[in-house]
Amino acid sequence: MKAGPLGGLKVVELAGLAPAPFACMILADLGADVVRVDRATPGADVLGIPNDPLGRGRRSIGVNTKTPEGVEVVLKLADQADVLIEGFRPGVAERMGLGPEVVHARNPRLVYGRMTGWGQDGPLAQAAGHDLNYIGIAGALEPIGRAGSAPVPPLNLVGDFGGGGLMLAMGVLAALHERTSSGRGQVVDASMVEGAALLTTSLHGMHAAGAWSGPRGHNLLDGGAPFYDTYETADGKYVAIGAIEMRFWGDLVKVLDLPDAPPHFDQAQWPRLRELITAAVARHTRDDLVARAEGTDACLTPVLSPWEAAAHPQNAARGTFVDIGGTVQPAPAPRFDRTPPATPHAPHEAGADTADVLADLGLTADEVTALRTAGAIA
């Protein structure tokens, strides 16, 4: 059994793109035994990126699900699993013979996690889309960007990973908790639209209260407030300033040497205040300014690239990043004091664990050979 709070949990993952693999990565990071079902054809791995960290921490079995024998292999895995996760368009798993009705008929305790952009039904359910499309109709994209400019894509963090994979993992864990009393599994329908919309809950509250009334780039947390923004330093790098509260603003004024700064909550003074902060920050290099702020509550920190972040003293002290298979990447999170997870192993090649996984299922060498002969497995 793997180390971590989910040790002993068995998960079957039907290989797909970003959000579903991220959900499975989280479960594997925390100790679940995840078997990823990849395509049996060499070079047809749908994940696409060599040594992709999203594939870390689990075994891979290569299966041709276009054959009855291959479908049966996946069903045998699901028979012994707690969770199955797929990220196909609605109806695809059913056409494969791996939909929830078939799986639950054999294993009613299984939690069946489904990851889509739009959800399992609705007028857009069968439409193509990507993160940007999903967060667009969720209301999560429009507020992001500078005043007078178009909305800015926030990478694919809000839809694929935050509103998608992370929400799916939470939903699966909630269904597993419910199973402890009912004894039954259920379908978890995770949609990136709904997950991204949920992430905007606070904005809806601020808007209703009149605290978010301006257009994009004119509000407290969208770069409108000069005391909550990023600024360029003398060496062409950036710092992030988030001095909202009065005591934090007081420390920032000292760090930037702005004794005559106007009241920071007076919106009429925001243009002048932005000019003052811009000029003050531009007098220093990034690292010099960060050193000036060290030990204060000025809420001034460096803006680091993902490739710089591991070397920051806070991240280094906490082990926030780890080297897995030669790639520095984020470590499992969150932390657990009694059941800490181990460092994940590097991604395995698609189908690399086929023989071991089938042996765990109790298949004999002759049965494995027959499956290979039928073209059902890698």
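At what angle do the axes of helix α6 and helix α7 cross? Before you look, note that this is a predicted model, where local features need pLDDT of at least 70, side-chain atom pairs count only at pLDDT 80 or more, and totals for chains, interfaces and linings use all residues. Numbering starts from 1 along each chain as its sequence is written, and side-chain values use heavy atoms, with hydrogens and water left out.

Select residues 157–182 (α6) and 192–199 (α7): their axes cross at roughly 100 degrees and come within 8 Å. Helices here are DSSP runs of H or I with at least four residues, strands are E runs of at least two, and both are numbered from the N terminus. The axes are lines fitted to C-alpha atoms over the stretch in contact, with angles from 0 to 180 degrees between N-to-C directions. The pair is therefore roughly perpendicular (65 to 115 degrees).

Now show the contact (heavy atoms within 4.5 Å): α6 brings V158, G159, D160, G162, G163, G164 and M167, while α7 brings M192, G195, A196, L198 and L199.

Next, hop to L155, in the loop between α5 (131–138) and α6. Its phi is near 50 degrees, positive in a residue other than glycine. L155 is exposed, at 64% relative accessible area (exposed means over 50%, 1.4 Å probe, protein chains only).

D257, in the loop between α9 (246–256) and α10 (270–281), also isn't a glycine and has a positive phi of about 60 degrees. D257 is exposed at 53%.

Last stop: P334, in the loop between β11 (327–330) and α13 (354–360). A cis peptide bond, omega about 0 degrees, joins A333 to P334.

Definitions and conventions: Angles under 35 degrees count as roughly parallel, over 145 as roughly antiparallel, 65 to 115 as roughly perpendicular and the rest as oblique. Buried means under 20% relative accessible area, exposed over 50%, partly exposed in between (1.4 Å probe, protein chains only).
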